[in-house]
Structures are given as C-alpha cells and as structure tokens.
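Hello,

Here is the structure I promised to pass on to you. Have a look at it first, and then read my notes below.

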There are 2 protein chains.
Amino acid sequence: MQKRYIISFILFVKIGVAQVSDSTMLRTIFDFYLTKSNCYSNLEYLSTKIESRLSGSPGAAKAVSWAKQAMYDSGADTVYLQPCMVPHWVRGRKETCFTKNSKNKVIDYAICALGNSIGTPKKGLSAQIIEIKNYKELDSLGEKNIKGKIVFFNVYFDHKHLSTGACYGETVTYRYAGPSRAAKYGAVGSIVRSMSSINNDFPHTGVMGYDTSVCKTKIPACAISFSSADKLLQELKENPQLNITINMGCEMLADELSYNVVGEIKGSIKPNEIILAGGHLDAWDNGQGAHDDGAGVVQSIEVLNMFKTLHIKPQHTIRAVAFMNEENGGAGGKAYFENTKKNNLKHIAALESDAGGFSPRGISVDTTLGAFKKTLGWASLLDPYFVQYITQGGGGADINPLKKLGVPLIGFQPDGQKYFDYHHTSDDTFDKISKRELELSAGVIGGLLFLIDTRGW
Amino acid sequence: MQKRYIISFILFVKIGVAQVSDSTMLRTIFDFYLTKSNCYSNLEYLSTKIESRLSGSPGAAKAVSWAKQAMYDSGADTVYLQPCMVPHWVRGRKETCFTKNSKNKVIDYAICALGNSIGTPKKGLSAQIIEIKNYKELDSLGEKNIKGKIVFFNVYFDHKHLSTGACYGETVTYRYAGPSRAAKYGAVGSIVRSMSSINNDFPHTGVMGYDTSVCKTKIPACAISFSSADKLLQELKENPQLNITINMGCEMLADELSYNVVGEIKGSIKPNEIILAGGHLDAWDNGQGAHDDGAGVVQSIEVLNMFKTLHIKPQHTIRAVAFMNEENGGAGGKAYFENTKKNNLKHIAALESDAGGFSPRGISVDTTLGAFKKTLGWASLLDPYFVQYITQGGGGADINPLKKLGVPLIGFQPDGQKYFDYHHTSDDTFDKISKRELELSAGVIGGLLFLIDTRGW
C-alpha cells in the first residue's frame with residue numbers, strides 16, 4: 001500500500017509538472033497570437049486584394065500563388081501544390097427577378113444563382129410561381145399542379161435550435177436537392193428562400209446539384225433574399241396566379257486544373273507522421289469569403305508562423321493545407337485523400353477550421369472513444385481560452401475523406417450565432433472580422449496542434 | 001448502512017427529477033427567447049427612435065417614458081419612477097483638434113470631449129503637446145516639463161489579456177484621473193488615447209472626474225481616436241515642439257431630476273422578497289448606446305415578458321430596473337440603494353447586464369461562498385446555453401451599492417471580445433447587434449431568474 005501511494009505521488013507530480021508546463025506553453029502561444037500573429041493582416045490581404053476566388057477562376061489561381069508565398073513567409077520548409085481538376089462555374093451577368101402587380105408596376109427581388117445551376121435564356125424565364133413549404137407538399141401537389149411553374153421553396157430556419165448549423169442542416173436540402181425534385185414534376189425553375197439567420201436583402205448563394213437519377217431535366221435554380229422572399233409572399237397573397245421572371249447568365253464551363261496548397265515544417269523526431277490544420281481557399285464569387293473560409297486558411301497558415309516564431313521544433317511534421325473547391329465539388333479534399341492513400345502517409349490528426357472567424361467555443365472530435373477521452377483531458381488546459389465544448393462530432397468537409405484511413409479528425413467550432421448572417425453572401429467581407437476573435441480562435445488551433453505534437457493522441 | 005443507501009437513492013431520484021424539470025423549463029424559456037421575445041425590437045426602438053439619452057437630456061426623459069410603457073407592455077403589474085438628481089453635462093459644438101506641419105498644412109484629428117469635462121475657450125486652446133506614457137513618467141517630468149502644455153496620455157491596451165475588460169481596467173485611470181494629475185503639474189489640457197480594442201478613427205468618450213484634492217484647477221479633457229493618436233505621434237516625431245489646438249464646447253449645467261424605472265411582477269408566495277434584473281438606461285450622447293447599455297435594459301425588461309408569456313407565476317417579486325446615470329455619476333444606483341435601505345426591502349438576488357448584447361459566456365457572482373457553491377450547481381443546467389464560466393466576481397456598477405445590504409449580486413458576462421470596439425463611440429449602434437446573440441443572453445438572464453425564484457439561493 002505504501003508503495004502504491006509513492007507511485008501515485010510520483011505520477012501526480014509528473015502529471016502536475018507536465019500540466020504546468022503545457023499550461024505555461026499555452027499561455028506563451030496565446031501571447032504570440034494576441035500580439036504578434038499575422039492572421040489578421042493575411043486575411044485582410046486575401047479578402048480585399050484578391051478578387052473573388054471560386055474554383056477555376058483567375059481569383060482562385062491568384063489565391064493559390066498567394067497561399068504558397070504566405071506559407072513560405074510563415075516558416076514552412078516545404079510548400080507544394082497538389083493538383084486537382086475543379087468545376088469552373090461562372091455567374092455571368094447580374095441576376096434579376098421581378099413580378100408585376102395589379103397596376104402593372106414592376107416589383108424587383110434580390111436573387112442570386114445557385115452554384116452549378118444552369119442559366120436562363122437571355123431574355124429570362126417567366127412562369128407562374130408556386131410556393132412550396134416542404135417536400136411532402138411538393139410530392140402531394142405533383143405534376144398536375146407543378147408542371148410549367150417556378151417552384152418557390154419557402155423554408156425557414158427553426159430558431160429554437162441553439163446551433164445555427166442545425167438550422168442550416170435542416171433546410172439546406174431545399175437549396176441543394178430541391179431543383180431536381182421540383183423538375184421531376186415538370187417545374188421550369190426553382191427559387192429557394194436564402195439559408196439566412198436574419199432578415200435582410202442579401203441573397204445567399206451555395207451549391208446545388210442536379211440529380212439525374214431523380215430527373216434528367218436541369219432547371220435554373222436561384223436563392224432569394226429573406227426580405228425579398230417576404231415581399232414575394234405578399235405579392236403571391238394578392239395574386240395567387242402571380243407570374244415571375246428570373247434572369248440568370250450563369251453556366252458551367254470546362255473543368256480547370258487547380259491546386260491544394262500544402263505547406264509543412266518537417267518533424268524533428270517523427271517526420272513521417274503528420275499533423276494537419278486546414279481551411280479552404282476557394283470562396284463564393286459574390287463576397288470576399290472572409291469568414292468562409294479565409295479565416296480558416298489564415299488560421300491554418302498561422303500555425304507554421306507560431307512554431308517558427310516561438311522556436312518550437314515540432315516532433316511531428318506540421319502541415320497547413322489550403323484546400324481547393326470545398327464550396328462546389330470537394331475536389332481538393334478528395335485529391336488530398338487520394339494522395340495520402342497513394343503515398344501511404346500517416347496522419348496522427350487532421351483539424352479543419354471552416355465555421356467562420358469568430359470567438360472560440362469548442363471542438364468536435366471524430367476518433368476512437370479512447371482518443372476522445374484523451375482529448376477531454378485537455379479540457380482544463382483549454383478552458384481559459386474559451387473552449388467550452390469538446391464533443392464527439394464531425395471534422396469537416398475537406399478532411400472527412402481521411403476518416404476512411406483512420407485519421408482522427410477535429411472540427412474547430414467557433415461561436416456560430418452570426419455565421420449564417422454572412423454565409424455565402426456579398427456581405428461576407430473583411431470588415432466583419434474581429435481581430436481578437438480571429439486571433440483567439442487561431443490560438444486554440446495552434447495550441448491544439450502543440451498539444452497533439454507533444455502529447456500524442 | 002442499508003438505510004443510508006436508501007436515503008441516498010431517494011435523494012438522488014429527487015434531485016434527478018428536479019434537474020429534469022428545471023432543464024425542461026429552461027428549454028421552454030429558451031424557446032420563448034429565440035422565437036417570441038421582444039428584446040430585439042425593443043432595442044431597435046430604444047436605439048433608433050429615441051435620440052441620445054445621456055443623463056439630464058431630453059432623450060433620457062423620453063427613454064424613461066418609453067421604459068415605463070415597455071415594462072407595462074411586458075407584463076409588469078406595477079411600474080414606478082424612482083427619482084434621482086443627475087448631472088447634466090452637454091457636449092455642445094462638435095469638437096475639433098488640429099496641428100500644423102512644417103509646411104503649415106493643417107492636420108485634423110478625431111477627438112471627443114470626456115464626460116464631465118469643462119470646455120475650451122470658444123476660439124480653442126492651443127499649447128505645446130507632450131506625450132506621456134504613464135504616471136511614473138508624468139511625475140518624473142514634473143512641473144518643469146509639463147507646465148503650460150497639453151498632456152497626451154498615450155496608453156495602449158495590453159492585448160495579452162484574454163479579457164478586454166482587463167485591458168480597459170488597466171488603462172481607464174488615464175481617462176478618468178489623468179486630467180487632474182496633469183493639471184497638478186500645470187498642464188492646460190489633457191488628451192487620452194481612446195480606450196479602444198481596435199485601430200479605427202472613432203474617438204471613445206467616457207467619464208472623467210476632477211479630483212480637487214489632487215489639483216484645484218480644472219482643465220479640458222478629451223479622447224483622441226486610435227488612428228488619430230498614431231497620426232499625432234507621427235507629427236510629434238517630426239516636430240517634438242509641436243503645438244496642438246483643441247476646441248470643445250462642453251459644459252456642466254445644473255443637476256436635473258431624473259428617474260430609475262422600476263417594473264415588477266408581485267411574487268405569489270413571497271411578495272416581499274425581490275429578485276432584480278437591471279441595466280442602465282442612460283447612454284453616451286455620441287452613439288445609440290445599443291450595446292452600452294440598451295441591451296441590458298431590454299434584456300431586463302424581457303424577464304417580465306418571459307414570466308407573463310409563459311404563464312409562470314413567480315414566487316418572489318421580480319423586478320426589472322432601468323437605472324439612470326450609470327455613465328457619469330451613478331446617481332440611479334445610489335438612489336436605488338437608498339430607497340431599498342429606507343424601506344427595508346429584501347432582495348434575494350440582483351443581476352446586472354452591462355457588458356454588451358453579445359453571446360453568453362458566463363456570470364460572475366458576488367455572494368457568500370455557500371451561495372456561490374449553490375450557483376456552481378447550476379453549471380450543468382446552464383452549460384448547453386453557452387454559460388462557460390461561473391466565477392466569483394463583481395456584480396455591476398448599479399447594483400454594487402446593494403452589497404452593503406448583503407444582497408447577493410450577479411454580473412452577466414457575455415463574450416466581450418468586441419465590446420471595446422464600440423464602447424462609448426458613435427459606432428455603438430443597433431446594426432451592431434445580433435438578434436440571436438442578444439436573445440440567447442437574455443435567455444440566460446431569464447433562466448437564472450427562474451432558477452433563483454424556484455430554487456432560492
């Protein structure tokens with residue numbers, strides 16, 4: 001018994017010392033992030049100096065060059081481009097949408113084409129509009145009532161959810177899959193209420209996909225702003241036979257060659273074991289993509305700068321990855337997975353930041369129960385830095401394919417209450433970024449990578 | 001032993017049931033706040049329809065009338081005005097500030113007078129400017145170097161603090177007490193770098209006080225925006241003998257009669273025991289006071305609406321208090337204390353929300369250790385609603401006097417990373433408010449009052 005107590009005591013002291021040392025190191029890491037990091041200025045450059053960077057665009061190509069240089073500047077010993085073929089969808093002319101009231105007055109609505117949608121004829125597409133509240137209603141109305149019409153999916157966020165991601169998750173099917181499901185009944189166009197937390201006049205774009213197993217016909221699909229949707233409902237109430245005209249010049253061009261940008265600092269002890277932090281470099285063309293996902297990109301790059309500036313030699317290889325084409329295809333995530341598999345690369349962890357540049361709130365961890373429990377052991381270290389929740393959950397769209405290789409995944413979760421105010425709109429601009437919030441979250445990401453590197457998983 | 005186990009089991013079941021019931025009730029409360037509450041629309045009205053509401057102003061009088069009606073509309077069975085004499089300081093003409101460079105070119109700076117400051121002569125005040133980094137430097141330079149000059153307190157937030165409140169707490173003495181300390185050495189004016197988290201051109205006002213025990217002479221005092229302060233430093237570098245001219249038309253008028261607005265729902269079981277939620281109705285004249293502290297006022301009023309709409313009859317008397325004159329005198333808080341003392345009113349808890357309308361983050365509790373430990377028992381109930389921290393700490397400026405009567409105090413602590421971006425500036429406007437963040441924090445306040453009412457303290 002005596003012996004057991006002594007061992008316990010030694011263990012306690014050892015853990016105690018490690019804990020103090022980690023907590024001191026985390027404090028040093030946060031001092032760096034709050035006073036010396038470049039993520040805010042990097043994000044300013046990416047958001048405001050490079051034009052829209054949707055996959056396949058000249059802006060995306062410029063963003064790739066910028067990320068490569070930024071990674072070198074941040075201390076990467078190697079940076080390389082990982083090729084992937086990406087869809088090249090272009091928005092074309094500014095979209096318009098209008099109805100006419102009983103006095104023949106034109107009422108305009110703010111819309112934007114959904115990513116991957118076909119356009120309308122040049123003179124626009126005019127048809128009667130029909131409001132649909134859910135798929136059940138769509139299916140019950142059927143071809144008899146839908147054929148030849150433009151369907152208006154009028155779905156709202158359920159604000160009872162504490163997570164806005166849950167609101168989005170419930171409704172986004174109407175944006176993504178609604179067009180083909182409407183076309184199946186002969187609809188000629190699809191309009192969806194913007195996936196928005198708030199009532200304003202910014203339409204929210206986002207990806208849609210034609211499902212040819214549901215319907216072979218492709219119809220133009222757009223989103224209407226929250227307040228324009230309300231205005232449209234009012235007009236529909238006054239005239240249930242209301243005709244609407246939408247005009248969209250978008251089209252899908254041939255695939256383009258693009259790249260993930262991968263920057264790394266070789267591990268000093270286990271160079272063949274990788275710890276990854278990533279965000280996606282592509283962003284919707286209508287805004288600056290500051291929150292989605294410029295923030296995740298600069299936070300990932302800043303991890304390199306942290307190791308460099310604090311003169312920490314990582315034991316494992318640290319990788320910052322700026323993924324391409326998260327928004328409308330996921331080609332970058334797939335290419336990264338294929339490359340990892342082909343070269344039999346070992347990742348001991350992959351973290352993704354793709355939920356905006358807001359204050360830290362938590363992480364979701366997708367790994368074995370044992371490793372998850374180890375992560376829970378970090379809770380007291382991370383608690384002072386606003387990490388409230390460590391939960392079991394998904395990693396992120398770009399790193400999720402790595403799960404098939406058994407890689408433990410972490411999804412970084414900042415405070416999400418305002419994310420869907422800006423998400424996929426022209427209002428997702430750099431001035432919506434708080435320097436301190438961005439840096440604190442970057443600090444959590446840097447701190448986590450430090451813990452994984454020193455403590456293993 | 002057997003008996004003890006049985007008692008433990010019964011206790012466990014009982015606590016378990018109470019916990020489930022409270023947690024279900026909290027969920028109902030948050031459903032209300034996220035879908036039916038009026039705090040956002042109330043804040044819109046208060047911020048945008050009532051002009052600036054600094055104590056003693058016509059705007060403040062209108063705000064008092066509005067709050068009274070809003071409390072009745074929200075379900076108060078009694079609303080009354082609690083008189084207090086408040087200072088009536090007015091800003092007067094728009095402040096100006098300039099220097100001239102070597103080419104005689106005028107360089108303008110964004111400044112604003114500090115609350116309670118005297119003005120300058122109509123033609124302005126011109127003198128040599130001297131940069132001071134801290135009081136130690138001021139004291140060591142002394143009268144020989146300070147006399148006849150305008151002192152520029154060039155103090156920065158130390159961003160290593162995780163709490164912006166800590167940054168503010170360290171530097172605000174230069175705004176409040178700096179003028180008298182500079183006047184002691186013969187300074188003729190005082191300029192302080194704005195207490196700002198960020199680099200922009202909004203000057204931050206705030207209260208200052210002349211301390212006649214330090215110096216009988218009163219000198220004009222203003223704040224300069226962060227970026228103008230940088231510009232001024234540049235000019236000073238080029239010309240260390242630089243003259244500066246400031247022009248301020250502010251003055252202190254005679255005290256005015258004003259009011260705290262107190263709305264209550266009488267307790268059904270213990271009507272003589274009060275639970276209070278409050279914010280302050282007055283706000284600096286330069287902005288809309290949306291975060292500081294319109295948010296706290298509407299969140300406090302919404303507690304009444306919660307009890308009414310959810311048909312919960314509170315056991316204790318629930319009071320919403322819109323305090324007057326928190327910003328430049330604290331007359332409302334003192335009047336509330338005096339009234340409480342005189343009438344021997346029993347408060348079982350007082351909560352103040354005066355840190356902006358942001359996402360919930362925690363509460364600080366100022367009470368006995370026993371009661372604090374009871375509060376910690378609520379942690380798991382509040383954790384799903386983004387309450388990460390329950391700490392021992394202060395209540396708030398308006399309720400702090402009640403501590404002398406032994407009242408347990410709670411300071412509501414939302415996420416504070418952006419508070420000092422807007423604090424006391426013309427940029428503290430309604431458009432900076434997130435509806436969901438405001439409502440979630442209001443929900444925590446409502447939920448806490450429910451817990452205190454049903455569980456006692």
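How many residues of chain B are in contact with chain A? There are 22 residues of chain B in contact with 22 residues of chain A, where contact means that the C-beta atoms of two residues, placed from the backbone, lie within 7 Å.

Before going further, please keep in mind that this is a predicted model, in which local features need pLDDT of at least 70, side-chain atom pairs count only at pLDDT 80 or more, and totals for chains, interfaces and linings use all residues. Residues are numbered from 1 along each chain as its sequence is written, while chains are lettered from A and ligands numbered from 1 in the order in which they are written.

Back to the side of chain B that touches chain A: helix 1 (2–35) and helix 13 of chain B each supply at least two of its residues. Helices here are DSSP runs (H or I, at least four residues), numbered from the N terminus. Helix 13 of chain B gives the largest share, 4 residues. By class, this side has 7 nonpolar, 7 polar and 8 charged residues (Ala, Val, Leu, Ile, Met, Phe, Trp, Tyr, Cys and Pro count as nonpolar, Asp, Glu, Lys and Arg as charged, and the others, Gly among them, as polar).

Helix 13 (residues 435–455) of chain B also packs within its own chain. Its axis and that of helix 2 (residues 39–48) of chain B come within 9 Å and cross at roughly 115 degrees (axes are lines fitted to C-alpha atoms, for helices over the stretch in contact, and angles run from 0 to 180 degrees between N-to-C directions). On the helix 2 side, C39(B), Y40(B) and L43(B) meet K435(B), L438(B), E439(B) and A442(B) of helix 13. This contact has 5 nonpolar, no polar and 2 charged residues.

Helix 2 of chain B has another partner, helix 8 (residues 290–309) of chain B: their axes come within 9 Å and cross at roughly 135 degrees. Helix 2 of chain B is therefore oblique to helix 8 of chain B. Residues in this contact include C39(B) and L43(B) from helix 2 and G294(B) and V298(B) from helix 8. The contact divides into 8 nonpolar, 4 polar and 1 charged.

Enjoy exploring!

Technical notes. Parallel < 35°, antiparallel > 145°, perpendicular 65-115°, else oblique.
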